[in-house]
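Have a look at the fold before reading on.

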Amino acid sequence: MQAGDRKAEVSLPLRLLVFGILFDAAAFAYPPLSLGAADGLRMRLFHLARVAAVALPLLAIFSSDLAARVGGEDGKSDYARRAMLFGAAAMPLVLTAAAFTRIELRMLLPLPALAVVYAALSASLLARRCAPRPELWGWRLVAAGTAAGLVMGLYAFDAPLLGNFAGAYDGVLRATIRAAHEAAIVAGMALISLCQVFGRKGAADEDRPHRHRRRQAADA
């Protein structure tokens, strides 16, 4: 993949990340108290929108980087990248719209949620080709965490499918499930990020003697 193509693929998720950070900062500075109590449905939707607005664009950047390393052997890497990008844009938008307008809009959440799960599962398979083992396990944790979130959507946010299956929102069971879901995604993203940072540094260090020899050859 050419450097120009790589830059173009990263530019959109990077813009989404910047927007998400600004959105989160604005919500922190000026919390929408009109949405009700902190444990109310609208505020919970808005809180998840803030998290998704930052976390999903980061995953989209990681997915684009992985797709660039896999190359154009097949369309799976591109499908995964596009699915993650769709989820990164649509998930915060749907959550915010549901929180501020019609609460029924939350029923659209399976669309971006399925896209994110598909992208994460695809990335965990693609990572087997070119990623170091810690990054591979990072994608597996992200895939497991997002898949768990999809299942949680069957009862969270007053979904009609399973009703009060896991108990009250502030109950021990639901709190434990949420903590495990969040921990899997955060740990996975941390592993992916660390591998990319130190992997690039190692690649640059390895390439330094080659660049030095090329300069010496050019001077000679």
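## Helix packing and salt bridges

Helix α2 (residues 41-70) packs against α4 at an angle of about 35 degrees, and their axes are 10 Å apart. Axes here are lines fitted to C-alpha atoms, for helices over the stretch in contact, with angles running from 0 to 180 degrees between N-to-C directions. Helices are DSSP runs (H or I, at least four residues), numbered from the N terminus. The α2 and α4 crossing is left-handed, a term used if the near helix is turned anticlockwise from the far one by less than a right angle. From α2, Leu56, Leu66, Arg69 and Val70 meet Val116, Ala123, Leu126, Ala127, Arg129 and Cys130 of α4, where contact means heavy atoms within 4.5 Å.

A word on the source: this is a predicted model, in which local features need pLDDT of at least 70 and side-chain atom pairs count only at pLDDT 80 or more, while totals for chains, interfaces and linings use all residues. Residues are numbered from 1 along each chain as its sequence is written, and side-chain values use heavy atoms, leaving out hydrogens and water.

Now to the charges. The structure holds six salt bridges, each being a side-chain nitrogen of Lys or Arg within 4 Å of a carboxyl oxygen of Asp or Glu. Three of them are these:

| Pair | N to O distance |
|---|---|
| Arg69 and Asp65 | 2.9 Å |
| Arg69 and Glu135 | 2.6 Å |
| Arg102 and Glu104 | 3.8 Å |

Asp65, Arg69 and Glu135 are linked in a network. Within helix α2, Arg69 and Asp65 lie four residues apart, about one turn of the helix. How accessible are these partners? Buried means under 20% relative accessible area, exposed over 50%, and partly exposed in between (1.4 Å probe, protein chains only). Asp65 is buried at 7%, whereas Arg69 is partly exposed at 32%. Arg69 lies in helix α2 and Glu135 in helix α5 (residues 133-152), so this pair ties together parts that are 66 residues apart in sequence. Glu135 is buried, at 1% relative accessibility. In the other pair, Arg102 is exposed at 56% and Glu104 is partly exposed at 44%.

Finally, the surface: Phe86, Leu105, Leu108 and Leu111 make a nonpolar patch of about 360 Å². Patches are made of residues with over 30% relative accessible area and no salt bridge, joining like charges within 9 Å and nonpolar side chains (Val, Leu, Ile, Met, Phe, Trp, Tyr) within 5 Å. Areas come from the Shrake-Rupley method with a 1.4 Å probe, and for residues only the protein chains shown count as cover. Leu111 belongs to helix α4 (residues 110-130) and is exposed at 54% relative accessibility.

Technical notes: Helix = DSSP H or I, 4+ residues; strand = E, 2+ residues; numbered from the N terminus.
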